[in-house]
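Visitor: I am new to this structure and would like to be taken through it step by step. Could you show it to me first?

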Number of protein chains: 2
Amino acid sequence: MKLSERKEKILASIVEYYIATGEPVGSKTLLEHSSLSVSSATVRNEMAELSALGFIEQPHTSSGRVPSQLGYRYYVDNLMNSYELPAQEKRLIESRILSASGEPQQILEQAGQVLAEITNCAVVSTTPCDEHAVIRRVELVPIGTRTAMMIMLSSSGILKSKVCKLDCELSLDIIELFYNVVSKNFIGKSAEEVSVAMIQTLALSLGSKSLAVSPLLITLSDLAQMTEQTQLLLQGQSNLLNYTDYGNAYEIMEFLRRSDPLTSFFSSKKNANAPRILIGKENQFRELQDSSVIFSNYNVSGKESGTLGLIGPTRIDYARLIPSLKYLTEIVGNIMSDTLED
Amino acid sequence: MKLSERKEKILASIVEYYIATGEPVGSKTLLEHSSLSVSSATVRNEMAELSALGFIEQPHTSSGRVPSQLGYRYYVDNLMNSYELPAQEKRLIESRILSASGEPQQILEQAGQVLAEITNCAVVSTTPCDEHAVIRRVELVPIGTRTAMMIMLSSSGILKSKVCKLDCELSLDIIELFYNVVSKNFIGKSAEEVSVAMIQTLALSLGSKSLAVSPLLITLSDLAQMTEQTQLLLQGQSNLLNYTDYGNAYEIMEFLRRSDPLTSFFSSKKNANAPRILIGKENQFRELQDSSVIFSNYNVSGKESGTLGLIGPTRIDYARLIPSLKYLTEIVGNIMSDTLED
DNA sequence: AGTTAGCACTCGGGCAAACAGAGTGCTAAC
DNA sequence: GTTAGCACTCTGTTTGCCCGAGTGCTAACT
């Protein structure tokens with residue numbers, strides 16, 4: 001549906017004024033804050049039609065208008081002029097992120113913090129996940145006579161470690177055997193390929209040494225699982241309190257804590273290089289249906305690997321925040337790619 | 001100050017009833033919920049005296065009484081009968097924590113989650129910090145021709161890693177040189193000893209190889225810093241919404257985000273093997289003065305290393321939560337010690 | 001046909017008055 | 001020292017009221 005130019009102007013004014021102030025906007029206030037040169041009565045007529053079309057609604061019979069979900073959608077799709085991020089702000093963001101060390105988790109943490117500050121929204125991000133990631137390197141660092149720390153590095157740059165306790169002494173030949181087994185059977189394999197069954201048959205084939213090596217193999221498989229799992233990072237939760245009521249804020253927090261639904265949602269929404277915007281009920285999660293969710297993927301080495309997302313009110317400042325989010329995902333992707341690149 | 005037995009009974013009843021219900025308790029309700037066999041008038045008289053002494057107070061002139069800070073303090077110090085955690089709950093806690101892998105961070109995370117669930121409080125915990133910790137092991141894992149991941153393990157079991165980019169190719173002899181330098185100059189040293197100055201003089205002494213090795217040394221010193229820093233872990237923040245108002249919840253969240261004050265506060269309060277309880281204004285942080293803070297240290301290998309803490313309302317259920325917290329710190333300490341032990 | 005002025009109408013927010021209920025402190029008797 | 005009784009106080013809630021903002025409609029105007 002295409003609105004007349006004047007209706008579009010009015011809708012844009014309503015959306016922008018409401019986003020800026022949070023106050024429902026009446027015909028008079030609208031005139032004061034727009035360049036329209038018609039009377040308030042005309043505006044009222046137009047508003048009545050916009051109401052009928054479902055683009056705006058009234059909190060109560062005699063209050064100003066507020067954009068409806070559909071109104072925001074129309075605004076985002078047709079009216080919003082996405083402005084370019086000023087170079088100064090770009091540099092500010094960049095400098096804060098570059099200070100983080102090279103680990104994905106830390107880069108995300110830093111990026112999330114910056115994002116939470118500049119957007120005043122809750123920030124969710126997922127650690128990079130590359131379905132085609134393979135085990136790149138495994139190291140075993142003895143830290144006692146029968147304990148060792150195993151470290152796994154995946155091709156997507158994820159580093160995980162876990163302590164492994166053995167039933168017997170960790171002798172040099174066991175270590176050597178382990179490394180042999182690893183390089184023959186695990187390096188270059190993806191996490192899914194490291195199944196329990198595979199570990200078991202492998203352990204059996206080792207014969208007498210099996211007893212000593214199998215705890216190591218189990219740890220290895222644990223690590224493979226951990227590497228594959230995307231984690232959800234939450235930041236700026238306090239910002240939720242700025243826009244929702246008590247109960248909803250609590251619900252959202254609890255929802256975010258059960259990170260699984262969002263994680264799988266994000267990972268199902270790849271193949272989009274532009275930020276996605278879900279306004280109100282456009283998302284499937286009851287707890288978030290009074291909020292808007294904006295999320296965008298970051299690319300590591302050209303592949304979409306993780307997501308940065310914002311959760312804010314439906315009257316979130318789309319025009320300002322979308323470019324910020326977009327820029328941040330770019331930066332995050334670049335830095336992570338840098339780390340991996342030779 | 002020692003109260004009469006009857007006053008103690010009345011105070012205990014008030015505290016317990018108020019903790020249980022959140023309702024101010026009047027003379028009549030008190031009688032219904034205690035074993036006293038006197039009339040309400042007598043209770044009123046006693047209450048008036050308790051009021052005068054400052055142990056209880058009235059929200060408004062004609063409402064029931066509520067324990068004052070002093071009242072809670074007296075209760076905690078003299079009246080509370082700390083009950084033993086039922087074996088069943090112990091086992092439940094244990095099973096959930098044992099499922100965590102061996103890294104301190106993950107153990108804490110798991111423990112924090114359990115704690116948040118059973119207490120309905122916000123949980124803060126600090127990663128283990130041993131001032132006498134020394135660098136135990138450094139590993140350099142090449143992940144590209146000019147990038148490597150450096151991994152540092154401290155004697156207190158902390159594992160940190162950072163990616164390091166070199167200006168030139170990471171040749172075998174550079175790696176060897178690096179390991180030599182490390183084992184000669186860093187292993188067994190504490191983080192404080194790894195100063196920038198020390199790195200610089202060391203780099204100079206390497207002559208022509210300095211250029212190649214110094215990025216590695218800088219990364220090493222970064223890692224040493226990271227190892228030394230205690231991190232603050234936050235969980236169950238949503239529980240804050242259950243007891244404070246909006247503004248205060250926001251303030252507490254922001255306060256917790258600026259983790260430094262609490263971290264240094266906790267680390268200054270070691271040398272106590274029992275849980276500590278700070279009621280209301282007994283703590284020094286304005287944001288927390290409407291709350292109670294209960295915290296307890298966990299010991300790794302016999303040394304106090306980190307803290308688990310609860311933040312909740314002043315009407316928190318002291319009698320129930322203190323044993324839970326205590327048990328959890330014991331468990332956490334034990335598991336972490338296990339990991340380190342040979 | 002589109003625009004405008006004018007007007008009656010509606011509804012929420014704020015404010016005061018009225019009210020019910022819980023709990024107190026005090027007094028006088030036991 | 002304890003108790004019964006009673007007047008008093010204070011809060012939270014409900015009710016009614018008014019004010020203001022904003023609407024929709026009608027009739028006139030261009």
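This is a predicted model: local features need pLDDT of at least 70, side-chain atom pairs count only at pLDDT 80 or more; totals for chains, interfaces and linings use all residues.

Guide: Residues are numbered from 1 along each chain as its sequence is written, and chains are lettered from A and ligands numbered from 1 in the order in which they are written.

Visitor: Which element gives the most to the surface near DNA strand C?

Guide: A residue is near the strand if its C-beta atom, placed from the backbone, lies within 6 Å of it, and 21 residues surround DNA strand C, with V38(A), H60(A), T61(A), S62(A) and G26(B) the closest. Helices are DSSP runs (H or I, at least four residues) and strands likewise (E, at least two), numbered from the N terminus. Two or more residues come from each of α3 (40-53) of chain A, α2 (27-32) of chain B and α3 (40-53) of chain B. The element that gives the most, with five residues, is α3(B).

Visitor: Which strands stand at the edges of the sheet in chain B?

Guide: Strands pair if DSSP finds at least two bridges between them, and in chain B five strands form an open, antiparallel sheet in the order β7-β3-β10-β9-β8. Each edge strand has a single partner, so one side of it is left without a neighbour in the sheet; these strands are β7 (232-235) and β8 (276-279) of chain B.
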